[in-house]
Amino acid sequence: MGDLLSTINSPADLRSLDMTALQQLASEIRQEIIETVAKNGGHLAPNLGVVELTLALHRVFQTPRDKIVWDVGHQSYVHKLVTGRRPVFHTLRQFGGISGFPRPQESEHDAFGTGHSSTSISAALGLALARDLKGDNYSVVAVIGDGAMTGGMAFEALNHAGHHKTSLIVVLNDNEMSIAPNVGGLAKYLSRLRTDPMYSKGKEELEQLLKRIPAIGPRVVKAVERVKDSLKYLVVPGMFFEELGFIYLGPIDGHNIQAMINVFQQAKTTRGPVLVHVLTRKGRGYPPAEENADKFHGVGPFEVKTGQVIKKPGQPPSYTEVFGRTLVELGRRDKRIVAITAAMPSGTGLDHFAAAFPERFYDVGIAEQHAVTLGAGLAAGGLRPVVAIYSTFLQRAYDQVLHDVCLQNLPVTFALDRAGLVGEDGATHHGVFDFAYLRSIPNLVLMAPGDENELRRMLKTALEYPGPAVLRYPRSAGTGCPLDEEILPLPVGKARVLREGDDVTLLAAGTMVSLAGEAASLLEQQGIHATVINARFVKPLDEECITRYALRTRRVVTIEEHVLQGGFGSAVLELLGDRGLRNVQVIRLGIPDEFIQHGSRAVLLARCGLTVEVLVNTVLKALGAHRAKTKVKIGVQWP
């Protein structure tokens, strides 16, 4: 840690530093972030890009009285370092340590909890209106990237804020990136503001031009106003935002601290909504991240000198990789297959499809609602769209899944990556609600593969199914199982019995299938014979298979990497209840009714009781056995 950084315990410490010291501090902060993320993993490139921006914000605005809302929040590491969390910054994203995202529970300087995109302006406007209603007087700032600005919610908030005219500052952090390079009309518009010298002339030159026009009187005011408006569109930067009711300031060099301090002071004293357009570069100060910002957006542990990600030797390919390559394989055989992502081509594995079939690939930006309904339209047009979105982000498009896809029974395939516990990104990113929010929708088929070969078969199944289908799979590496050369579809709604026994039925979904198999082997050593069923389908359930083995063993344990409320185990209980099988004991293992915080996936699974030891002990307890070979406390108690 640098000598200067070690003296910064609160934002107030920044206000005594001159420009030279602030620039030194920026350098020390970059090094601290690089070294910490190299060990812990995290969002590197976004944070390196906002170092000077964050220092300028905290130099001008006085948190926690003034409120700063970080959109997504993955770029808040600098903010955390200067707001009292420097001594614990080494615990970033570790279990029991500080979060990689803003959390009001963690610090009074975190005005609003974020983790998903395009929410900051809405939240900041709410804070500003609450301030006005209470008669308070402080500044509210929303910091939003140009990638997040592609989300429709951001424009809804801009429109509302311009209408209300309350004092609000929106800082547009423009680095030409979301995770991948930005797409769409807004990206092109912002590019013009960055590059066209005509756009830098400003309002002052326009006013001087108008003053030189002679004979301006009451009779020609309207005509001149029309001229004025047309000239504004040609000359004044940010007219789009001004038409929404914002005063536009910029573009400003986002790595020039003094320039940003000046413009933030101006914005702070301006009444009404203000948009400050700041130009930054992702990965600034670390060449590997500057050259490959996509790779270093969110990265695992890496070697600082080389930028090479540290990989476990001999690790099988991830589910994401298998999905991406399988879709290419299927796409070669069926030209109707098209792929859609919401600004995550590499994160979802669709970069392979994009390279192979660029004309059949659509990156819609951070716009999940649009992605889903676009898929519905493509399906209505006779194509077979695959919409690949992280489980946690599909929540943002629930109505579109229900109304635009399922109500019309359109053949859209949803590939839900990052299902289950995702680890260090924490509560905002865990994909543990999808069974519950999807299985109640008519017409939808919902699948969870037990291994990567089954993932391939489920993708084939979904693409042949005449209606909407979902496959959800984890962030992790695969099991290393062999992959069938020929991809065959699965019979819809049919489970697979992996082993048979008369004492207990272990009914597992997705990632928990291998865990159930391991537990059955340990139980066998103690003379307990378990049936292990890979459910494969959460909807429709294999009702005949489940009821047959439930009647045979009279004890059923369901295991799922998903919340217990409304999940797979709940579906099994509903089935057995509807069949009148009230003398069957059912025990459900899953994620408790809490938002699970960040930590390694292994630690979080253990905290939720989703381990072989807990499953074995659960069965032994249900059977009345006195002890297990490995003593484990059953249940979850959070510190």
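This is a predicted model: local features need pLDDT of at least 70, side-chain atom pairs count only at pLDDT 80 or more; totals for chains, interfaces and linings use all residues.
Residues are numbered from 1 along each chain as its sequence is written, and side-chain values use heavy atoms, with hydrogens and water left out.

Let's start with the sheet. It is open, has 7 strands with mixed pairing, and reads E7-E6-E8-E9-E11-E10-E15 in order. At the edges sit strand E7 (361-363) and E15, each pairing on one side only. Direction ignored, neighbouring strands here are turned by 20 degrees against each other on average. As for the terms, helices (H or I, at least four residues) and strands (E, at least two) are DSSP runs numbered from the N terminus, and two strands pair if DSSP finds at least two bridges between them.

Zoom in on strand E10 (residues 445-447) and strand E11 (residues 469-472): they run parallel and are joined by 3 bridges. Val445, for instance, has Ala469 in E11 as its bridge partner. Lying across E10 and E11, as well as strand E6 (337-341), strand E8 (384-390) and strand E9 (413-417), is helix H19 (residues 452-464), which runs at about 165 degrees to E11. Angles run from 0 to 180 degrees between N-to-C directions, with axes as lines fitted to C-alpha atoms, for helices over the stretch in contact; contact means heavy atoms within 4.5 Å.

Now for the stretch around E15. The peptide bond from Lys539 to Pro540 is cis, with omega near -5 degrees, and Pro540 sits in the loop between strand E15 (537-539) and helix H21 (543-553). In H21, Cys545, Ile546, Thr547, Tyr549, Ala550 and Thr553 are buried. Among the elements covering them are strand E12 (496-499), strand E13 (504-508), strand E14 (530-534), E16 and helix H22 (568-578).

Arg554 counts as partly exposed because its relative accessibility is 33%; buried means under 20% relative accessible area, exposed over 50%, and partly exposed in between (1.4 Å probe, protein chains only).

The Gly250 to Pro251 peptide bond is cis, with omega near 0 degrees, and Pro251 lies in strand E4 (residues 247-253). Why point these out? Most residues other than glycine have a negative phi, and most peptide bonds are trans.
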